[in-house]
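Q: Please take a close look at the aromatic rings of this structure and at what surrounds them. I am new to this structure and would welcome one connected account.

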Amino acid sequence: MQAIKVSSPDELAKIKDKSLVCRQAYIDGKWVDAASQQHFDIVDPATLETIGSVPDMDASDVKLAVSAATRAFASWKHTTSKERSLLLRKWHDLLVANKDDLARLMTLENGKPLVEAHGEIGYSASFVEWFSEEAKRGYGDIVPSPIPGLRALVMKQPVGVVSIITPYNFPNAMITRKVGAALAAGCTVVVRPAFETPLSALALCELAERAGIPPGVINVVTCSAKNTPAVGLEMTTNPEVRKVSFTGSTAVGKLLMGQASTTMKRVSMELGGNAPFIVFEDADIQRAAESLLQCKFRNAGQTCVSANRIYVHDAVYDEFVGAFTALVKEKLRIGHGLSEGTTIGPMITKRGLDKVEEQVQLAVAAGATVVLGGKRPEAVPGKGYFFEPTVLVDVLDAVPMTCEETFGPLCPIYRFTSEDEVIRRANATSVGLAGYFFSRDVARVFRVAEALEVGMVAANTGTIGSDAVPFGGVKESGMGREGSRYGMDDYLNIKLINLSVL
């Protein structure tokens, strides 16, 4: 653990374009305060220093934002696909041009290492670029009619105003993946970013305005944890909103879906995961270990597709544990995300930190052994939400980390002895977002990929997402797909026009 010598306010001052550090919400093309005039603070999770404050909005502010989006939709839906494409492309270019400032801002409010923040800016920009191209491909159909004299035309139209609620772990990419698709389809949006990371969302608005995206097309409402339930309720029940898109926990997704059902809104839900990571006896052990390092400890384990349950065949268990722990010792260095050499930052919230600590304690009490980590670092007591990268072995299935999404730098390694056994254990969960496995047997690759009850499978790699592929899960991991050529589908209504030609 390297010492925390970073002054968060001083680092914020290093952002070159000061207009990207926005202190107000964005409604109808204007920077505004909450009607209540209340604000809440944004804290750097690595130092616990305050780096700014933003308006603490409530349901009345949401109503204003929805009204603005409704007015804007009346004209935005009539823009040509080429017009929308060009505006999205300009937005993309501005994201890329300002990547250094956006990455620094993200690290300060989210905690992830600067190199990861840069990666996310590129990832988030890729969705805007992708949907700038897909905007021109909202094709319809002509269906042969079984009735003489009729012609059946199928066209696609934007659903309308969309409420978008995003999490703190990817404060840019989770917004652009949704907003890019919505705007490309001809929808307008009201976004509520996570209360931990609103500054990144507001910076996106500043750049969207510079790109020429009209007032009211994108609106961002900020609020504290206290006001989140009321804001969420208005976003999901307001009758002018026609769709809700949410990324977050399964429990909250169920709540929002129930609220949205009162007005029969379209919903997209990208919810929690509990990803299995399986290493078969014929796997490339070093490649599997390197891939696990990437997909387990990226963003300090705070990703919905993070490997959560690592199953290793008994025949290669000790070899894999040795290779993996050596990599963790060699590659991971805890520290502030802006400190040189940092490869893993803090957790973003104290509640997340407490959960990881409790899961380790319960696993050890049940017989697991801590090989690495297992505690908060002692180098900076009382400073930041840090937890050591942790590896546990001989973990039993009957512990909370097996059935709950950990969302932290905790890596439990389980033993298995047969393919049938590990598939059964991997699928013994209520969620199904992502799954990983490693094997050199081509027949097994297809068997296991088809047998895993998840929406996304990575075989012999730790990489699972990009702008070009569909992202989403099955079971209680949600519904709908984001990114890819399927990403606009949930933002479009299908309309039949039956035309008589007699």
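A: A charge is said to sit over a ring if NZ of Lys or CZ of Arg is within 6 Å of the ring centre and within 35 degrees of the ring normal. The model examined here is a predicted one. In it, the charged end of R444 sits over the ring of F280, at 4.3 Å from the centre of that ring. A further arginine, R415, lies over the face of Y317, with 3.9 Å to the ring centre.

Rings also meet other rings. A pair of aromatic rings is described by the distance of the centres and the angle of the planes. The search of the whole structure finds 10 aromatic pairs. One of them joins F277 and F438: the ring centres are 5.1 Å apart and the planes stand at 35°, so this pair is tilted. The two partners come from distant parts of the chain, since F277 belongs to strand β12 (residues 275-279) and F438 to strand β18 (residues 434-438), 161 residues apart. Residues under 20% relative accessible area count as buried. F277 has 0% relative accessibility and therefore counts as buried; F438, at 1%, counts as buried too.

Ring pairs join F277, Y436 and F438 into a cluster.

Helix α5 (residues 114-134) and helix α6 (residues 173-185) have axes 8 Å apart, at an angle of about 10°. The two helices are therefore roughly parallel to each other. On the α5 side, the contact is made by E120, Y123, S124, F127, V128 and F131, which meet A173, T176, R177, G180, A181 and A184 of α6. By class, this contact has seven nonpolar, three polar and two charged residues.

For comparison, consider the contact of another helix pair. The axes of helix α4 (residues 99-110) and helix α7 (residues 198-211) come within 8 Å and cross at roughly 160°. These two helices are therefore roughly antiparallel to each other. From α4 the contact draws on L102, L105, M106 and E109, and from α7 on P198, L199, S200, A203 and L207. Its residues divide into seven nonpolar, one polar and one charged.

Technical notes
Residues are numbered from 1 along each chain as its sequence is written. This is a predicted model: local features need pLDDT of at least 70, side-chain atom pairs count only at pLDDT 80 or more; totals for chains, interfaces and linings use all residues. Side-chain values use heavy atoms; hydrogens and water are left out. Axes are lines fitted to C-alpha atoms, for helices over the stretch in contact, and angles run from 0 to 180 degrees between N-to-C directions. Helices (H or I, at least four residues) and strands (E, at least two) are DSSP runs, numbered from the N terminus. Angles under 35 degrees count as roughly parallel, over 145 as roughly antiparallel, 65 to 115 as roughly perpendicular and the rest as oblique. Contact means heavy atoms within 4.5 Å. Ala, Val, Leu, Ile, Met, Phe, Trp, Tyr, Cys and Pro count as nonpolar, Asp, Glu, Lys and Arg as charged, and the others, Gly among them, as polar. Rings of Phe, Tyr and Trp (its six-membered ring) pair if their centres lie within 6.5 Å; planes under 30 degrees apart count as stacked, over 60 as edge-to-face and the rest as tilted. Buried means under 20% relative accessible area, exposed over 50%, partly exposed in between (1.4 Å probe, protein chains only).
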